[in-house]
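The sequence and the model are shown first.

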Amino acid sequence: MPSTLVSPRRSPSHRTLFFWTLGALACVLAWDAGGQDLALAQLFGSSDGFPMRDQWFFVQVLHEGARRLGWLLVLLLALSVWWPRGVLRRVDASERLQMAVSALLSLAVVSIIKNLSATSCPWDLAQFGGVARHVSHWALGVLDGGSGRCFPAGHASAGFAFLGGYFALRRKAPTAARWWLAGALLAGFVLGWAQQVRGAHFMSHTLWTGWLCWTIGWLCDLAATALRPRFPAFSDTGTPDGSGVVAEP
């Protein structure tokens with residue numbers, strides 16, 4: 001018996017997404033205001049440093065392995081613009097391009113900010129056996145005596161960079177979009193937590209990376225929504241029958 005085609009569930013409006021973004025920003029700012037970064041870092045490190053800094057699983061699997069996997073997924077997203085597989089067949093070429101572009105932009109923005117930052121990593125601080133002093137990442141231009149270039153969390157972006165996929169999928173494949181969102185959030189927080197345990201980042205670094213990647217994904221969706229009508233040939237239906245109606249699994 002052929003599967004029944006159903007209309008997509010209503011996805012959150014851009015107005016709703018705007019308030020979600022503001023709410024997430026308020027939570028990140030509240031963490032910063034609470035000053036809990038050092039207290040949390042002290043659970044994993046001491047004046048002797050961070051015991052898990054060079055632990056094999058954290059270094060080889062959750063750092064090096066996850067970084068390579070993240071770039072592989074970006075490459076697959078780029079290729080999917082022309083050769084989609086799985087759930088990506090439910091959306092059109094412009095939405096697949098949106099997914100790839102939002103991931104690349106997220107990685108680029110986080111990397112640029114990180115390389116301009118004067119904030120050093122926890123393992124560089126005197127409290128943890130280093131030479132730097134703790135300075136808020138809001139103290140722009142103030143040097144802490146360390147190597148800097150540690151804010152926001154670059155490694156967590158290997159997971160959070162894919163948050164933009166939620167926006168591209170949410171209209172035609174809402175169930176898949178929610179799973180995609182959950183997967184990107186889980187990956188970002190796991191990778192950020194691993195770096196927290198190693199002493200490579202504070203929790204605020206991870207939270208800001210997550211917020212930046214979410215916001216970039218949303219802004220890419222706004223731009224794609226505005227540009228898509230200008231390129232109708234690139235916006236194929238994404239469905240076998242050309243109806244634009246998607247079957248939910």
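In this predicted model, a polar atom of the Gln-196 side chain lies 2.8 Å from the backbone nitrogen of Met-203. Gln-196 belongs to helix 7, which spans residues 174-198. With a relative accessible area of 1%, Gln-196 is buried, because that value is under the 20% limit. Setting aside residues up to four places away in sequence, Gln-196 touches Leu-40, Ala-41, Phe-44, Phe-50, His-201, Phe-202 and Met-203.

Helix 8 covers residues 203-227. From its first C-alpha to its last, helix 8 reaches 36 Å with 25 residues, close to the 36 Å expected at 1.5 Å a residue. Helix 8 is mostly covered, with 19 of its 25 residues buried.

Asp-221 is placed in helix 8. Its relative accessibility is 0%, so Asp-221 counts as buried. Which residues are in contact with Asp-221, leaving aside its neighbours within four places in sequence? They are His-14, Gln-98, Phe-167, Arg-170 and Arg-171.

| Residue | Relative accessibility | Class |
|---|---|---|
| Gln-196 | 1% | buried |
| Asp-221 | 0% | buried |
| Arg-149 | 48% | partly exposed |

Helix 7 also packs against another helix. Two packed helices are described by the angle between their axes and the distance between the axes. The axes of helix 3 (residues 56-80) and helix 7 come within 10 Å and cross at roughly 150°. That angle makes helix 3 roughly antiparallel to helix 7, because angles over 145 degrees count as roughly antiparallel. The crossing of helix 3 and helix 7 is left-handed. On the helix 3 side, the contact is made by Phe-58, Val-59, Leu-62, His-63, Ala-66 and Leu-77. Helix 7 contributes Trp-180, Val-190, Leu-191, Ala-194, Gln-195, Val-197 and Arg-198 to the contact.

The remaining items concern backbone geometry. Most residues other than glycine have a negative phi, and most peptide bonds are trans. Where is Arg-149 found? Arg-149 is found in the loop between helix 4 and helix 5. Although not a glycine, Arg-149 has a positive phi of about 55°. Arg-149 counts as partly exposed at 48% relative accessibility, because this value falls between the 20% and 50% limits.

The peptide bond from Phe-151 to Pro-152 is cis, with omega near -5°. Pro-152 lies in the loop between helix 4 (93-116) and helix 5 (157-160).

How values were computed. Residues numbered from 1 in each chain as written. Predicted model: local features only at pLDDT ≥ 70, side-chain atom pairs only at ≥ 80, totals over all residues. Heavy atoms only, no water. Helix = DSSP H or I, 4+ residues; strand = E, 2+ residues; numbered from the N terminus. Buried < 20%, exposed > 50% of the residue type's maximum accessible area, 1.4 Å probe, protein only. Polar contact = N/O pair within 3.5 Å; in protein donor to acceptor, adjacent residues only side chain to side chain. Contact = heavy atoms within 4.5 Å. Expected span 1.5 Å × (residues − 1). Axes fitted to C-alpha atoms, helices over the stretch in contact; angles between N-to-C directions. Parallel < 35°, antiparallel > 145°, perpendicular 65-115°, else oblique. Left-handed = near helix turned anticlockwise from the far one by under 90°.
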